[in-house]
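Let's take a walk through this structure together, with an eye on its pockets and its charged contacts. Keep the viewer open as you read, and turn the model as each residue comes up.

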Amino acid sequence: MEKIYTSTRNKALARTPKEAVVKGIAEDGGLFVYDALDTLRLPLQDMMQMTYEQMAETVLQLLLPDFTEEEVKDCVENAYKGKFRDEHITPLHKAGNTNILELFHGPTCAFKDVGLRMLPQLMSKSLQQQPDEHVMILTATSGDTGKAALEGFLDVPRTGITVFYPDEGVSNIQRLQMVTTKGSNTCVCAIRGNFDDAQSNVKRIFQNAQLSARLKEKGITLSSANSINIGRLIPQVVYYVYAYKDMVRTKEITFGEKVNFCVPTGNYGNVLAGYYAKLMGLPVNKFIVASNSNNVLFDFLKDGVYDRNRPFYKTISPSMDILISSNLERLLYYKSGKDADYIAQLMNELEATGRYQVREDIFTSVREDFAGGYCDDEACAQSMREFYEQSGYVMDPHTAIAYKVMKDYEKEDSMHKCVLLSTASPYKFAPAVYEALFNETIPDEFACMEMLQQKSGSAMPKPLAELAKMDILHSHLIDKNDMSSFVETIGEEIFHD
C-alpha cells in the first residue's frame, strides 16, 4: 500500500494508513495528514439514505484505503453495535429552535466515544501485519478522552494504555470514571500540573529516541489515543455528515444548502473533523469555534497570532481548559498549501517562544472557514439556565459555551441554519449544572445528580449512576517531569508480568 500519510513537518516521513494508526504521531513530532484529502469526494447524495454505520464505512474506506471492505465492516460493527444508548449513535435533537447534535450517548457519556470506540478496532487490524508488536497507548486527557480511551482499549489484545490527567484539573465524575477502570492492560496516573503539561510531556515521550529504542528491544511500540492519531480523528468526520442528513430529512434545509456548525473545542480536533468533511464536499458555510476563558483560539481567529503565554484558568468547562491546541497544526498545514517546512518553522517558534503569527494569506483563508467566540463561567451558567427555562433542555457547561457563542454569531449571520454540537452529558458536571439551573449548591456529587434528575426530568446515564458503588483501582500521582520513567516502568508491568 502507498504511504499516503505524511508528517505535517516533513513530507519525507511517510506511512501507510495502517502504519499511521499504529504510530500515532510522526518521529519529528508532526501529525499525520492525508496530502490528497482535498481531492477526495464524499458520495453525499447516496449518504443521505445511509444509516450511521453505513456512513462510517464509507468515510473509513475513503480515508483509510489499505483496510479491506471486510475489515472496515468488522471495525464498525465492533465499535458501535449495541455500544450506544441511542440507535442513531449521534442523534440530532431539536430543542426550541436549536438543532443540537448529541454526541454523548456512548459508554462514557462524551463525544470522545465516537472516535475511541473505533480506534482500538483499527489498531487491532493494523497490528495483524506486525505479529510480534505490542503497543502502549499514551494519552493525555483534560477529562473525557481518558475514560473513553480506557474503555475502548480495555483488554484489547497486544495493547496497553496509560492515561495521564491533571490532578485537580478534571471534574470529580471524570476522575472517578478513570480511576475505577478495570482491565489487566490499563493504567491511570494523575500529574502535578495542568493538561498542557500532560500533553506536552506525552509528545516529548514520543520524540524520545532512546526511550523508544529501549522499549523496542522489549517489543513495545508507543502510540496515541488523542486526536493527534488519525485513527481517532477520522471517525469524527461521520457525525457532521449524519447531522447534515438529519437536517435534510427534517426539512430544516434542502440538499446542497450550506449550514454552520458551532463547536466547543480546546484541542481543535472536534472542529477539524468537520473541516475534513467540508474539504471532501460537505456544504458548510462556517465553523464557529467556541472557547471558554482559556480563549487562545478566539484570539488566534481574531488576529492570526497564536500565543499561549497567558494566564491559565480552571473553569466549570474543564475539558476545554487547554492553551496548546494540537490539531490546529493540521489545519495550518492545509491552509499553507501543504508547506511542511513552514509548519515546522511555526511549531519550532511555538516550542521556543510560546507563540507564532501566521502569514496574512493563511490567516485570510482560515477566516473564510472559521469564526470564533468565547464566554466565561458566569455567562456559561447564565446560558445553561436561560436555555433550560426556555426549552426544558439540560445542557452541560461545554455545550452551553457553544450555545452562547452561537447566539452571538447569529447576530452576524442569520441566513444559515446552525447545528450546535453537544459534547457531554450534563451529569458529568452535575454540581455546576445544578447550581446554574436552580441557584443551589449540593456538595455531594451523587446526591446532586439525583436531584438534577428529579427536578429537571432529564435521565441520568446508568454508567455515571453506577460510579458511586465502584472501587478506586488507580491512585498514582507523579510530578510531570517523571512521566517518561513512569511509562517505561508501566510498560514492563503490563506486558511482561
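Predicted model: local features only at pLDDT ≥ 70, side-chain atom pairs only at ≥ 80, totals over all residues.

Let's start with the largest pocket, which holds about 540 Å³ of space. Its lining counts 26 residues, and to find its centre you can look for Ser200, Arg308, Ile324, Leu350 and Glu351, which lie nearest to that point. Sorted by class, the lining has nine nonpolar, nine polar and eight charged residues. Two domains take part as well, since at least three lining residues come from each of domain 1 (92–107 + 231–461) and domain 2 (134–218 + 462–496).

Now turn to the second largest pocket, with a volume of about 390 Å³. It is lined by 18 residues, and those closest to its centre are Lys23, Glu27, Lys216, Thr221 and Leu222. Helix H1 (17–23), helix H9 (209–217) and strand S9 (220–224) each supply at least two residues of this lining. Here the classes come to seven nonpolar, five polar and six charged residues.

On to the charged contacts. The model has 29 salt bridges. One of them joins Lys338 to Asp38, with the closest N and O atoms 3.1 Å apart. Lys338 sits in the loop between H14 and H15, while Asp38 belongs to the loop between strand S3 (32–34) and helix H2 (44–47), so this contact ties together parts 300 residues apart in sequence. Asp38 itself is partly exposed, at 33% relative accessibility.

Another salt bridge pairs Lys94 with Glu252, and here the closest N and O atoms are 2.6 Å apart. Because Lys94 lies in strand S4 (residues 92–95) and Glu252 in the loop between helix H11 (237–249) and strand S10 (259–264), the pair links parts that are 158 residues apart in sequence. Lys94 is partly exposed at 40% relative accessible area, whereas Glu252 is buried at 17%.

For a local contact, look at Glu410 and Lys407, whose side chains meet in a salt bridge at 3.1 Å, N to O. Both are in helix H18 (residues 397–410), and because they are three residues apart, about one helical turn separates them. Glu410 is partly exposed, at 30% relative accessible area, and Lys407 is partly exposed too, at 34%.

Note on methods
Residues numbered from 1 in each chain as written. Heavy atoms only, no water. 1 Å grid on protein atoms, 1.4 Å probe; cavity = no way out; pocket = protein on both sides within 12 Å on 5 of 7 lines; lining within 4 Å. Points joined across faces, edges and corners; volume = space filled by probe spheres on them. Nonpolar A, V, L, I, M, F, W, Y, C, P; charged D, E, K, R; others polar. Domains from an automatic or database assignment. Helix = DSSP H or I, 4+ residues; strand = E, 2+ residues; numbered from the N terminus. Salt bridge = Lys/Arg side-chain N within 4 Å of Asp/Glu carboxyl O. Buried < 20%, exposed > 50% of the residue type's maximum accessible area, 1.4 Å probe, protein only.
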